[in-house]
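Please walk me through this protein model.

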Amino acid sequence: MDGVQAANSGHPGMPMGMADAATILFTEYLKFDPQDPDWHDRDRFVLSAGHGSMLLYSLLHLTGYERPTIDDIRNFRQLASPCAGHPENFLLPGVEATTGPLGQGFAMSVGMAIAERHLNALFGDDLVDHRTWVIAGDGDLMEGINHEAMGLAGHLALGRLNVLWDNNKITIDGATDLSTSEDIPARYRASGWHVVGCDGHDFDGIRAALDEAVADPRPSLIDCRTIIGWGAPNKMGTAATHGAALGPEEVAAARQHLVWDSEPFDLPEEISAAWREHGRRGIGAHEAWRARLAASHHRDEFVRRMDGRLPADIGIADHLQSLIANLQKVATRKASELALEAINAALPDTIGGSADLTGSNNTRTKAQKPLTRDHYSGRYIYYGIREFGMAAAMNGMALHGGVIPYGGTFLIFSDYCRPAIRLSALQQVRVLYVMTHDSIGLGEDGPTHQPVEHLTSLRMIPNLTVFRPADAVETAECWALSLERQDGPSLLALSRQNLPQLRTGRTDNLCARGAYRLRAAQVARQVVLIATGSEVELAMNVADALEGQGIGADVVSMPCWSLFDAQEPNYRADILPQDTLKVSIEAGVTLGWERYVGPRGLAIGLDRFGASAPAEHLFKRFGFTAEAIVPRILAALSSQGDQ
């Protein structure tokens, strides 16, 4: 209440309404050690209702975490404080996930529960034996992603997942009956969940509900009937407490109502001491776990995986050698499968999956068995038609640690995944998105399935590394770079149509530079052709035609904009010299290419929707042929000469 009031911004109602249930959870059930917030076998707690962040900050401070300090809380929502408006996993130990976009915290918790069961199946109860706890609000349960995540959790029987529903029947607009009349407990029961209810302000009732949830083998929804803004005598139970400070008069009235006479941010020592004692409750369990880890023959491998370190060999080096020895003319989605065959055999950390497009995304390799409720040791998840739920679950798996998740769908359906992709980038987690059917090259499915704006829009997300490889070698290199990257997600945009292998010699990772000179001009250089993916082959054909007319042309493959942008200026200037006509070729919108071709260059792309036809007809129709491009380049050269 005081933190929100000091900031004059925030959401006091949810923290006040759920304080009773959260107190029982943190002091009697949650397994954690504030002295080692990253203890691998701690329970995970996710505040899916992230707008109620003051609840989590208060709990972390009270139970003895080094931060937030009381001054951090005093400066809630201010620039220098780690107590952001919504919890950020990279600002405070003890914040397991960045939440606030409603529904995503819940969905990430499903991924955490999947990772826990998978690692338990591999390493046993001695090393992995914890639960995932969630506090979710009415908004979390209304969001569409809740349906996807709830269904997946029920299908996989994730009994270590327990969700406390802050059922206060209030949203920002007012009472929930303004917008919904569904029977939420019935929906959960129908999806294979255990449901139990309690008065969210009755301690014994809360304990009984949590005990029942812990004992049930199914995931549990704990329906905590609460009063939003509990303790604010004139505003509790109303939307007035939801998203704004209570105001000085109501704060004073609440203090009187709660018989609380301490000044703001002044905690009586006996209360602080009691909370810190509860915060030490997990030390014994932690010490016992450390002893078991020290004695375990799994210790080194378990710690490696939980630390996110790759083994020395992830299978790529030998795979690249085999590609040079045996050239492959395959779609890059197939090239990705070939790379994954090598990776998954060498790297046990990976858990793959697809949103009902396994055969199209080529994401399952021969040795992978499905991860099911009966076999959590499996390494492939059939997510069903749940793109958003899949992406959010992968975030949860990556946040949990010990696994490296990758999942596939069509690039067009990255729209369904986008909010979770954004959170992957914001949370700085290693999640790999395999997005196939990356252009009009997918052909007959038509413009509903042909991405044109997607590559550019995805490249705009900070800290997301977007790759569009041109052949089998580049695909393998991009997989290696994605796996080696620990501080953010990667996305591979892959073709449906077969592409020739253009790289036939060097096996050092040229894609690491983001762009490189695939072929140098054979005569005096006048043009630099820059292309990605399937259009690199086209750029080679254009270069041949230009060279035949005495015009030297470099071909630059640019699989990753952001990696190229990060190179030193001299390298970038060498690859894209100022004294040339620069021409980009990509079967997508041209927005963004001006930064590389400059004001006098050419950006050849598709600034409209596609059409339904065989791929070769579409490329010809929209000008992606050497016959169509060469005259445009000659005209541009002539125009520059006239100037």
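**Charged pairs**

The side chains of Asp554 and Arg525 meet in a salt bridge, with 2.8 Å from N to O. This pair links distant parts of the chain: Asp554 sits in strand E18 (residues 552–557), Arg525 in strand E17 (residues 525–531), and 29 residues separate them. Keep in mind that this is a predicted model. Is Asp554 buried or exposed? Asp554 counts as buried because its relative accessibility is 1%, under the 20% limit. Arg525 has 35% relative accessibility, so Arg525 counts as partly exposed.

Salt bridges can also share partners. Glu116, Arg117, Asp129 and Arg160 are joined into one network in this way. Why can such pairs form at all? Side chains of opposite charge can pair when their charged atoms come close. In this model the count comes to 33 salt bridges.

Now look at Arg304 and Asp349. Their side chains form a salt bridge of 2.9 Å, N to O. Arg304 is in helix H13, while Asp349 is in the loop between helix H15 (332–346) and E9; the two are 45 residues apart. Both Arg304 and Asp349 are buried.

Turn next to Glu568 and Arg513, whose side chains meet in a salt bridge of 2.9 Å, N to O. Glu568 lies in the loop between helix H22 (561–565) and helix H23 (569–575), and Arg513 in the loop between strand E15 (498–499) and strand E16 (516–519), so this pair ties together parts that are 55 residues apart in sequence. Glu568 is partly exposed, at 39% relative accessibility. Arg513 is partly exposed too, at 30%.

**A covered strand**

E9 has partners. E9 pairs with strand E11 (residues 404–410) in the parallel sense, over three bridges. Ser354 stands opposite Gly408 in E11. Three bridges also join E9 to strand E10 (residues 380–382), again running parallel. Here Gly352 has Tyr380 as its bridge partner.

**Aromatic rings**

The model has 21 aromatic pairs. One of them is Tyr57 with Phe76: the pair is edge-to-face, 6.2 Å centre to centre, with 65° between the planes. Tyr57 is in helix H3 (residues 53–62), and Phe76 is in the loop between helix H4 (70–74) and helix H5 (104–123), 19 residues apart. Tyr57 is buried, at 0% relative accessibility. Phe76 is buried as well, at 2%.

Trp289 and Phe302 form another edge-to-face pair, 6.3 Å centre to centre, with 65° between the planes. This pair links helix H12 (residues 283–295), which holds Trp289, to helix H13 (residues 299–307), which holds Phe302. Trp289 is buried at 4% relative accessibility, and Phe302 is buried at 1%. Elsewhere, Trp561, Phe564, Tyr571, Trp593 and Tyr596 form one aromatic cluster.

**Inside and outside**

Finish with a contrast. Thr456, in helix H19 (residues 454–459), is buried, with a relative accessible area of 7%. Thr456 touches Val589 and Leu591. Leu426, in helix H18 (residues 414–427), is partly exposed, with a relative accessible area of 31%. Together with Phe90 and Leu91, Leu426 forms a nonpolar patch on the surface, with about 220 Å² of accessible area together.

Conventions:
Residues are numbered from 1 along each chain as its sequence is written. This is a predicted model: local features need pLDDT of at least 70, side-chain atom pairs count only at pLDDT 80 or more; totals for chains, interfaces and linings use all residues. Side-chain values use heavy atoms; hydrogens and water are left out. Helices (H or I, at least four residues) and strands (E, at least two) are DSSP runs, numbered from the N terminus. Buried means under 20% relative accessible area, exposed over 50%, partly exposed in between (1.4 Å probe, protein chains only). Contact means heavy atoms within 4.5 Å. Patches are made of residues with over 30% relative accessible area and no salt bridge: like charges are joined within 9 Å, nonpolar side chains (Val, Leu, Ile, Met, Phe, Trp, Tyr) within 5 Å. Accessible areas come from the Shrake-Rupley method with a 1.4 Å probe; for residues, only the protein chains shown count as cover. A salt bridge is a side-chain nitrogen of Lys or Arg within 4 Å of a carboxyl oxygen of Asp or Glu. Two strands pair if DSSP finds at least two bridges between them. Rings of Phe, Tyr and Trp (its six-membered ring) pair if their centres lie within 6.5 Å; planes under 30 degrees apart count as stacked, over 60 as edge-to-face and the rest as tilted. Lists of a residue's contacts leave out its neighbours within four places in sequence.
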